[in-house]
Amino acid sequence: MRHVAKLLMIVLGTFFITSNAAHAQIVCLGASNTAGKGVGASSAFPAQLEAILSARGRPMSVSNAGISGDTTAGMLARLSSTVPEGTRIVVVQYGGNDARRGGTDRRANIAQIQQQLQARRIRVIQADGLVRSALQSGLRQSDGIHLTEAGHRRVAEQLAAQVR
């Protein structure tokens, strides 16, 4: 009887852990501001978003899939490997690297990313406007294009208000 009870506890524990992880997955897809260039990944908005949600009693797994210098073509190419099954929300922050690197298919790439996520029934939240607003408010590093830690915090707070 003890063996059966112990086995049941293990099975139930595994079920709750895996169902919770699959239930509340957020991926932040983007370039250098998503990655946290200049402040580090632990201070970037994905990490701050996870901390804010947890503090509000909504513990969710938030994955940082930001790569400095990435373009929309790069994001599209790695979309299926970066957004695992069970992902509920993808926060996209495309940035401006397409223009800096001469990318010509930005609109088509963004449309493809959004179509693929919608086909998987994944909610998409746009973060470019939030990042731009924080930068325009002076929450930028000396290079003028990357957020300060306070800028990341502001973006994370605004994103947290959109997570449902």
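These points describe the sheet, the cores and the salt bridges of a predicted model.

1. Start with the sheet. Four strands make an open sheet with parallel pairing, in the order β2-β1-β3-β4. Its edge strands are β2 (61-66) and β4 (123-126), each of which pairs on one side only. On average, and with direction ignored, neighbouring strands of this sheet are turned by 20° against each other.

2. β3 and β4 run parallel and are joined by four bridges. Across this pair, I89 stands opposite R123 in β4.

3. The largest nonpolar core has 22 residues, and those touching the most other members are I26, F45, L49, V91, V155 and L159. Two or more residues of this core come from each of β1 (25-30), α3 (45-55), β3 (87-93), α8 (128-136) and α9 (149-162). A second core of 15 residues is separate and includes M75, L76, V92 and L117.

4. Not counting residues up to four places away in sequence, F45 touches C28, N33, T34, V91, Q93, V131, H152, V155, A156 and L159.

5. A search of the whole structure finds four salt bridges; the points below take up some of them. In one of them, D70 pairs with R78, and the closest N and O atoms are 2.7 Å apart. D70 and R78 are both buried.

6. R78 lies in the loop between α4 (72-77) and α5 (79-82). R78 has a relative accessible area of 13%, and buried means under 20%, so R78 counts as buried. Leaving aside neighbours within four places in sequence, R78 is in contact with L29, G30, A65, I67 and D70.

7. Another salt bridge links the side chains of E85 and R120, at 3.9 Å from N to O. E85 is in the loop between α5 and β3, while R120 is in the loop between α7 (106-119) and β4, so the pair ties together parts that are 35 residues apart in sequence. E85 counts as exposed, at 71% relative accessibility. R120 counts as partly exposed, at 31%.

8. The side chains of E157 and R153 also meet in a salt bridge, at 3.2 Å from N to O. Both residues, E157 and R153, lie in helix α9, four residues apart, which is about one turn of the helix. E157 is partly exposed, with a relative accessible area of 36%, and R153 counts as partly exposed at 37% relative accessibility.

Terms used: Residues numbered from 1 in each chain as written. Predicted model: local features only at pLDDT ≥ 70, side-chain atom pairs only at ≥ 80, totals over all residues. Heavy atoms only, no water. Core = buried A, V, L, I, M, F, W, Y, C linked by side-chain atoms within 4.5 Å. Buried < 20%, exposed > 50% of the residue type's maximum accessible area, 1.4 Å probe, protein only. Contact = heavy atoms within 4.5 Å. Pairing = 2+ DSSP bridges. Axes fitted to C-alpha atoms, helices over the stretch in contact; angles between N-to-C directions.
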